[in-house]
Amino acid sequence: MNLHLLVPALFWPDPALPEIYRDLPLPGLENLLAKCSVTEDKSEGIEAWLCRAFGAAKQQDWPVAPITLQTDSGEDGEATTTENSRWIRADPVHLRLERDHILLADSHVFRISLEEAKQFTGLLNRHFAENQGIRLFPLQPDRWYLRLLEPPLPHTHLLSEVVNRDIRNKLPFGANNTFWRSLLNEIQMLLHEHPLNQTREARGELAVNSVWFWGGGTLPESLVSPYTNVWSNDVLAVSLASACNIEHAPLPVDATVWEASVRRGRHLVVLGELQGRAQYRDAYGWRESIKEMERRWFDPLWRMFRRGRFDEIMLTAPDESSSKSFTATRSDSRKFWRRPKPILAYGK
């Protein structure tokens, strides 16, 4: 059996804060990494990694929207059967002006219900009703889709690339950037005036005052999976598995439960808990999450590795600056001279 772990933000993104690793007990992870060979590459984000892994070629952007649409649309036949449509994600966000920066927050830090999403997009769709090429579908509370016939899609930045960052230099670009930036400004004005945002702010919640365009394209004609099974709560990973007609399931509570239900094959397990903590520089939350991940996943997997359960185990850790991959085979478990090192040694 082969296992591939995808763990975004396994290492803290700010190397100037080495003390974040102090008194952080991770014996299972450290022992496992010690047996691995390491390669490093540039990071393009978890979405780009998943698209590449399943053979989804980059269009203007990585075509996240048409891929995840297949999962999110559910029984909404209109959304998926419209011919000649291109799709782009238009996810609800909160923008905040801070000094000379415009910072973006996504649904990691605010709540939005499906009813609220329908109210927001209802206003936008009524406003754009005369332009039949534009319509928003709030298929999930925090995942909205924009369908259009023209103009061509823009180049954009992944939502994960702009979270908690200044967006001024990351707006849609390309030949049609004027149209897309004007559309974004118009949406922002409409959302700013929406009475629902006044209600949200009165409750002490963040206003939904913008959307973020990203992941546009058309559905890839063919996808190929290098895995037999995918275990994940990430909608893109699940959607890619579904498109490839391979078995997929939500992430089990821990590796012990996973081992009890797993069969032979090549398995992808996506552990995404750390990414949001790292994006918002939540040091305490990141530390607590990785300790819990050690208890539930890394330590049990290390014990499974020592018992010879894996022909190969790989751990890929993409972050904001690079992507490190750690690989070990069954025979590597016997290499006693590979002594564990503190996690800090890998995160530099």
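How many Å separate the centres of domain 1 and domain 2, taken over C-alpha atoms? The separation is 30 Å.

This is a predicted model, in which local features need pLDDT of at least 70, side-chain atom pairs count only at pLDDT 80 or more, and totals for chains, interfaces and linings use all residues. Residues are numbered from 1 along each chain as its sequence is written, and side-chain values use heavy atoms, with hydrogens and water left out.

**View 1. Domain 1 and domain 2 in contact.** The assignment gives domain 1 as 2-57 + 220-346 and domain 2 as 64-217. These bounds come from an automatic or database domain assignment. Domain 1 brings 14 residues to the contact, and domain 2 brings 18 residues. Contact means heavy atoms within 4.5 Å.

**View 2. The largest nonpolar core, with 59 residues.** A nonpolar core is a set of buried Ala, Val, Leu, Ile, Met, Phe, Trp, Tyr and Cys residues joined through side-chain atoms within 4.5 Å. Buried means under 20% relative accessible area, exposed over 50%, partly exposed in between (1.4 Å probe, protein chains only). Leu-50, Phe-54, Leu-104, Leu-146, Trp-212, Phe-213 and Leu-268 touch the most other members. Helix 7 (residues 177-192) gives the most to this core, six residues. Helices (H or I, at least four residues) and strands (E, at least two) are DSSP runs, numbered from the N terminus. Domain 1 and domain 2 each supply at least three residues of this core. A second, separate core has 43 residues, including Trp-258, Leu-271, Trp-297 and Trp-302.

View 3. The buried residues are Ile-46, Glu-47, Ala-48, Trp-49, Leu-50 and Cys-51.

**View 4. Strand 6 (residues 143-148), buried at six of its six residues.** Arg-143, Tyr-145 and Arg-147 lie on one side. Trp-144, Leu-146 and Leu-148 lie on the other. Two strands pair if DSSP finds at least two bridges between them. Strand 3 (residues 86-98) pairs antiparallel with strand 6 over four bridges, and Ile-88 has Leu-146 as its bridge partner. Strand 5 (residues 135-140) also runs antiparallel to strand 6, again with four bridges. Here Arg-135 is partnered by Arg-147. Strands 5 and 6 form a hairpin with two residues between them. Beyond four places in sequence, Leu-146 touches residues including Trp-87, Ile-134, Trp-180, Leu-183 and Phe-213.

**View 5. Helix 5 (residues 114-127) packed on helix 8 (residues 195-202).** The angle is about 145°, and the axes are 10 Å apart. Axes are lines fitted to C-alpha atoms, for helices over the stretch in contact; angles run from 0 to 180 degrees between N-to-C directions. Glu-116, Gln-119 and Phe-120 of helix 5 meet Leu-196, Asn-197 and Arg-200 of helix 8.

View 6. Strand 8 (residues 229-231) and strand 10 (residues 266-270) pair in the parallel sense over three bridges. Trp-231 has Val-269 as its bridge partner in strand 10.
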